[in-house]
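Please work through the following exercises on charged side-chain pairs with the sequence and the structure open beside you. Each task is followed by a solution in steps.

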Amino acid sequence: MEKKFKILIIVALIIIIGLGSYFAYTSYANAEFDKNLKEAHDYSKMRVDKSDNIQSLPDRPNINQTNDAINSIKKN
């Protein structure tokens, strides 16, 4: 009887630890996904803003304006 009780406790602990690990990992994974999604959105927004800046240049910009726009894109 005591042997069955020990096995039952060990199985219960394994199940509890497994469920706790699962919920902890999913919480961590969701937080990381949200963080990465925000970073991707910010990066995308920055690229759109840079593209809009380049498109707003005059039709025939001087070479310095073009080089400055290209360099600002390369820096980011």
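**Exercise 1.** Why are Asp 42 and Lys 38 separated by about one helical turn?

Solution. The model is a predicted one, and the first step is to locate the two residues, which lie 4 residues apart in helix H1. Because of that spacing within helix H1, about one helical turn separates Asp 42 from Lys 38. The next step is to look at the side chains, where Asp 42 forms a salt bridge with Lys 38 and the closest N and O atoms are 2.9 Å apart. Finally, consider accessibility: Lys 38 counts as exposed at 53%, since the cut-off for exposed is over 50%, whereas Asp 42, at 36%, is partly exposed.

**Exercise 2.** Find the residue with which Lys 35 forms a salt bridge, and describe the setting of the pair.

Solution. The partner of Lys 35 is Glu 32, with 3.5 Å between the closest N and O atoms. Both residues belong to helix H1, where they are 3 residues apart, about one turn of the helix. Lys 35 is partly exposed, with a relative accessible area of 41%, and Glu 32 is likewise partly exposed, at 27%.

**Exercise 3.** How many salt bridges does a search of the whole structure find, and where does Glu 2 take part in one?

Solution. The search finds 3 salt bridges. In one of them, the side chains of Glu 2 and Lys 6 meet at 3.8 Å, N to O, a value that falls within the 4 Å cut-off. These two residues are 4 residues apart in helix H1, which spans residues 2-55, and so they are separated by about one helical turn. Glu 2 itself is exposed, with a relative accessible area of 56%.

Note on methods: Residues numbered from 1 in each chain as written. Predicted model: local features only at pLDDT ≥ 70, side-chain atom pairs only at ≥ 80, totals over all residues. Heavy atoms only, no water. Buried < 20%, exposed > 50% of the residue type's maximum accessible area, 1.4 Å probe, protein only.
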